[in-house]
Amino acid sequence: MAVETPSEARAAVLAVARAELRRRHRALLLVALVMGLAGGIVLGAVGLAERTVSAYPRLVDAVRLDDVRASVPSDQPRFAEAVPTLPGVAGSRHADLWVAQVEGGPALRFLGIGAGELAPADIATPVIVEGRAVDPAAADEVVVSEQIAADSGFAVGAELRLTLLTLEDVSHFDVGFTPHGPSATVRVVGIARMPSWGNALPHTLAGPAFAARYADTASARSYFLRLENPAGTAAFTAAHSRAEQAAAATEPSIVARYVPGSLAFPRLDVDPAVRTAEQALLVGLSLFALVVGLGGLQVVGQGLLRLGAEGRSAQRVEAVLGMTRGQRVAARTLAALPAALVAGVLGSAIASAAGVLEPLGSQARFEPAPGFRPLWGLAVGGGVALAALFLLMTAGATLLAARPRGIVAGSAPPSLPRTVLRTWARRWPAVLLGSRLAVHGRTARRGLPAMASILAAAAAVAGIVAAVTVGASLTRLVETPQRYAAGADLHLVDAREPDVAALVADPRVTALATTSSATLRTSDGRELGATAVDDRKGEPPLELASGRAPASSGEVAVGPRLADELGLGIGDVLAVRGPGGEQVPLTVTGTAVLPTGSSAALGEQLLLTADAMDLVQRSEPIRDAYIYTAPGTADAVYGELGQNLEIFPREVPESVRNLTDLVRLPELLALVLTLVAGTGLVHVLLTSARRHAREMAVFSVLGATPAQVRATLAVLAGSTVVPALVVGVPLGLGVARVLWHRIATTVGVAGDPAVPVGVIAAVAGVVLVGALLVAVVPGRRAARTSPALALAAG
Amino acid sequence: MSIDQSARAALAVRGVRKTYEAGSAAVRALRGVDLTVSDGEFVALMGPSGCGKSTLLHLLAGLDRPDEGTIAVAGTRIEDLGAQRLARLRRRHVGLVFQFFHLIEHMSALENVALAALVAGARPAEATTRARDLLDTLGLLDKSGELPGALSGGQRQRVAIARALANRPTLLLADEPTGALDSDGAAEVLDLFQRLHRAGQTILMVTHDREVADGAQRRVRMRDGRMLADDEPSLVHEIPASLRAGT
Ligand SMILES: Nc1ncnc2c1ncn2[C@@H]1O[C@H](COP(=O)(O)OP(=O)(O)OP(=O)(O)O)[C@@H](O)[C@H]1O
Ligand SMILES: [Mg+2]
């Protein structure tokens with residue numbers, strides 16, 4: 001069949017395509033399945049990354065998050081009425097707030113309840129993730145936030161017995177009281193999800209019927225506002241603050257001293273820990289996708305190259321018969337079409353199926369639409385792209401096979417291996433040959449340079465080391481409350497001196513520190529929380545991240561997160577304004593993590609001496625006590641004190657809790673990396689005998705014994721993994737150090753990583769010993785193959 | 001042929017048979033080959049494609065084992081040796097040259113040659129010296145640092161020959177050493193073989209090329225796995241003697 005006219009050419013292409021399909025459909029299908037699997041996993045990971053990273057913004061949209069959230073004490077009704085009419089406000093919804101004492105719990109507890117208008121529903125309406133919304137007509141129904149549901153065990157159907165506080169009760173918060181308001185029994189009907197809770201949006205929400213029934217005991221009113229220009233918060237803040245000052249003059253509030261009005265911007269104030277988690281997850285998923293993608297490409301590429309090489313003689317015949325290179329490539333690409341379809345469909349299917357995966361880690365708590373959420377565009381587009389890539393790679397492999405036999409050109413190999421090997425390695429020819437092949441060989445006849453295997457292995461080792469190190473650091477943080485300044489067994493809110501004195505005298509208390517916390521203003525007007533610590537008994541530990549604690553009234557230790565934010569280091573000076581407006585310079589002596597008390601953010605506080613506190617505090621300090629008890633006595637002390645005092649067992653700050661959900665992630669990533677990179681490495685090592693069959697045969701011809709051939713392949717394996725370890729381990733540790741410092745600082749704790757020396761040593765050992773063991777298989781195979789055969793084939 | 005004569009010969013092959021199982025069909029590649037190559041002889045082995053020349057060479061180099069018959073290389077019977085002993089025999093007694101050179105592409109010319117000496121147990125310095133001397137002799141000293149890819153076909157084949165000679169083998173086996181070369185390259189290689197022959201090297205060279213074969217001292221022919229009569233049987237016993245006298 002000499003090919004001349006176009007129709008003959010078409011017929012020839014079709015005939016060759018049919019023949020190729022008949023001969024190679026199994027092999028093509030196998031490669032296509034690998035492609036579909038790897039591609040599907042990559043697409044799934046991309047989809048999951050999108051779902052994870054978009055969870056928070058989607059929840060913001062789903063709940064129609066308010067731009068401004070303000071609360072006003074209920075003894076300032078005129079100020080309250082003015083808030084929705086302030087300039088720039090485009091829409092508003094309001095609710096009233098109650099404080100209630102929870103009856104029948106293990107310790108004294110107060111609960112904020114919000115209830116009021118359900119309309120307009122396009123401002124700040126939480127997503128119900130379990131149960132249902134409150135019936136507007138029912139005064140005894142509430143929905144609770146997921147957080148409080150988890151912390152206090154309020155499930156759907158739970159009943160809460162409450163006694164509401166009157167305004168009078170609220171005004172006696174500091175001296176103690178029994179609530180005088182009405183009793184109410186409410187039932188939890190739903191669990192709600194919201195990007196941000198707290199202050200003006202209590203964790204417990206009731207409906208209009210509740211609001212109407214208990215209207216006269218409400219302690220504050222909340223407004224959820226939509227601004228005309230969501231970014232124009234400065235104008236609003238100024239107007240609000242003018243109105244607040246005016247109200248302070250015309251209707252002074254007593255309630256405000258205990259339940260102060262609040263102003264927040266939920267759309268702008270995103271907890272940095274959320275961003276950190278988002279980024280950590282994105283990096284983790286990208287790495288995962290990259291590893292799977294590269295692993296898949298390697299296998300598919302090698303498979304297609306092998307198929308191409310097998311078809312080389314057929315191509316020569318076709319060329320002699322007059323088929324152009326383009327026609328030969330077209331025929332083979334055509335033959336790969338069904339397999340490409342399989343790859344595309346499988347990839348699409350896996351990518352769609354990945355829609356069942358919820359956002360990863362902490363971000364799952366922001367998913368507004370839990371359940372199946374496939375990204376059809378990604379699945380279909382990705383499937384098409386996979387099929388196209390498969391065809392392209394087939395065409396490429398065919399083209400490569402059509403080229404005349406390649407010969408490695410170039411000058412002498414670089415001198416590094418030479419000088420290193422000169423003295424001792426040449427003594428043992430297996431070392432010379434094995435190391436040379438590892439560094440200069442190729443992964444396939446026209447495949448990647450073997451150096452790529454070494455680099456890939458180094459990257460994988462670095463990734464694994466970084467992952468286990470970050471994982472170990474995360475685990476250490478989560479398991480060591482002292483690192484987030486929660487080493488105390490119990491936390492007493494509003495610690496009054498008689499109670500503290502009694503605790504100090506209690507033999508079960510081994511150590512006790514009281515803290516006084518207040519706010520201060522920096523000279524550029526920023527409001528910061530400051531705390532002074534007084535060790536009343538024993539040696540309650542202070543969590544120092546670096547440097548030392550302040551020793552005089554001119555010194556300060558800064559929370560790690562704040563230090564990072566303000567760019568403060570040891571020796572720098574933080575200028576603070578005293579209550580009279582006078583400048584107080586404070587020299588930074590170190591970074592310290594302080595207990596978060598009831599509201600502070602972790603790592604954002606200043607640690608001052610008591611003298612310095614007196615100089616700079618703007619309001620009456622709040623006193624808390626942190627109690628360390630003898631082992632096994634915490635529950636008893638808690639049980640006794642809880643009857644009369646607001647006391648809490650150890651609390652995990654929000655930002656640390658976010659990380660708790662991530663603890664498994666680095667380990668998972670390390671595992672996936674190990675699996676994919678390990679499979680790739682094992683594949684490279686197992687096929688090393690076939691790849692180097694010619695060299696091994698030549699080596700035999702020169703008189704190498706089977707043992708020397710085996711040794712050469714062992715050296716080849718060693719020369720691949722040893723440089724990978726030498727480069728990968730320090731690189732991984734460096735990456736982990738940077739990464740963990742970033743994470744820890746955002747969370748607000750000390751940034752020193754926990755290096756799992758044992759695990760890393762084990763990884764290195766397993767990689768090295770494993771590679772040498774794996775090399776035994778090709779070594780035996782090579783020693784068994786007849787060199788004559790290999791030379792004839794090569 | 002007496003046992004004494006076989007013992008003195010560089011190579012003595014008696015009744016060698018080799019059958020390959022290719023799928024269901026058995027290919028009888030060698031059907032009783034007899035061949036003696038005396039010390040210092042330069043023999044050209046000719047024959048049509050598929051007659052078993054390469055198969056025979058592989059058996060002689062101990063890369064494969066005959067089904068029947070005996071092979072003695074430098075007086076040592078090799079057909080029953082284990083892999084280890086065969087490897088040792090190759091180091092000391094056999095140098096192999098191929099049509100497609102089979103150099104290690106990632107090693108310089110010098111290293112390719114030195115590797116062979118190293119395998120045979122030479123110390124690195126000694127191996128390097130020997131490799132350099134050989135390349136010098138073969139006119140390739142200026143190319144010793146080059147990778148094979150940077151050399152011409154003829155140069156590559158000369159490096160391969162240097163490698164085969166690195167351990168001063170009793171027997172140099174060459175399988176179509178000029179098959180991949182142009183006429184200049186072929187002439188270079190043949191010239192080299194003749195020089196080696198004059199220096200006393202025993203050579204058995206497979207070739208399809210009449211002209212190349214004419215450059216050898218003796219020509220033997222194979223067909224269908226058997227030896228045909230020598231072209232110049234009368235010379236067989238004379239030349240080695242004269243050669244020995246000459247060296
Ligand atoms: N490993 C093997 N397996 C099966 N058959 C083989 C093998 N090696 C050689 N043969 C067959 O044995 C026969 C002799 O092959 P051999 O390579 O020795 O021939 P040759 O004389 O060297 O031919 P050429 O001049 O083409 O190189 C051929 O029919 C060949 O197909
Ligand atoms: Mg042959």
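1. A salt bridge here is a side-chain nitrogen of Lys or Arg within 4 Å of a carboxyl oxygen of Asp or Glu, and by that rule the count between domain 2 of chain A and domain 4 of chain A is zero. The structure is a predicted model, and this should be kept in mind for each point that follows.

2. As for the layout, chain A is divided into domain 1 (1-63 + 272-404), domain 2 (68-266), domain 3 (416-482 + 655-794) and domain 4 (487-651). Between domain 2 of chain A and domain 4 of chain A, the C-alpha centres are 29 Å apart, and the contact involves eight residues from domain 2 of chain A and ten residues from domain 4 of chain A.

3. The area buried between domain 2 of chain A and domain 4 of chain A comes to about 670 Å², with 46% of it on carbon and sulfur atoms. On the domain 2 side, Pro106(A), Leu108(A) and Arg109(A) supply 61% of the area that this domain buries against domain 4 of chain A, more than any other three residues.

4. Although salt bridges are absent between domain 2 of chain A and domain 4 of chain A, two residue pairs are in polar contact across this interface, both at pLDDT 80 or more. By class, the side of domain 2 of chain A that touches domain 4 of chain A consists of six nonpolar and two charged residues, with no polar ones.

Technical notes:
Residues are numbered from 1 along each chain as its sequence is written. Chains are lettered from A and ligands numbered from 1 in the order in which they are written. This is a predicted model: local features need pLDDT of at least 70, side-chain atom pairs count only at pLDDT 80 or more; totals for chains, interfaces and linings use all residues. Side-chain values use heavy atoms; hydrogens and water are left out. Domain bounds come from an automatic or database domain assignment. Contact means heavy atoms within 4.5 Å. Buried area is the accessible area (1.4 Å probe) that two parts lose on being put together, summed over both. A polar contact is a pair of N or O atoms within 3.5 Å; within protein, one must be able to donate a hydrogen and the other to accept it, and residues adjacent in sequence count only if both atoms are side-chain atoms. Ala, Val, Leu, Ile, Met, Phe, Trp, Tyr, Cys and Pro count as nonpolar, Asp, Glu, Lys and Arg as charged, and the others, Gly among them, as polar.
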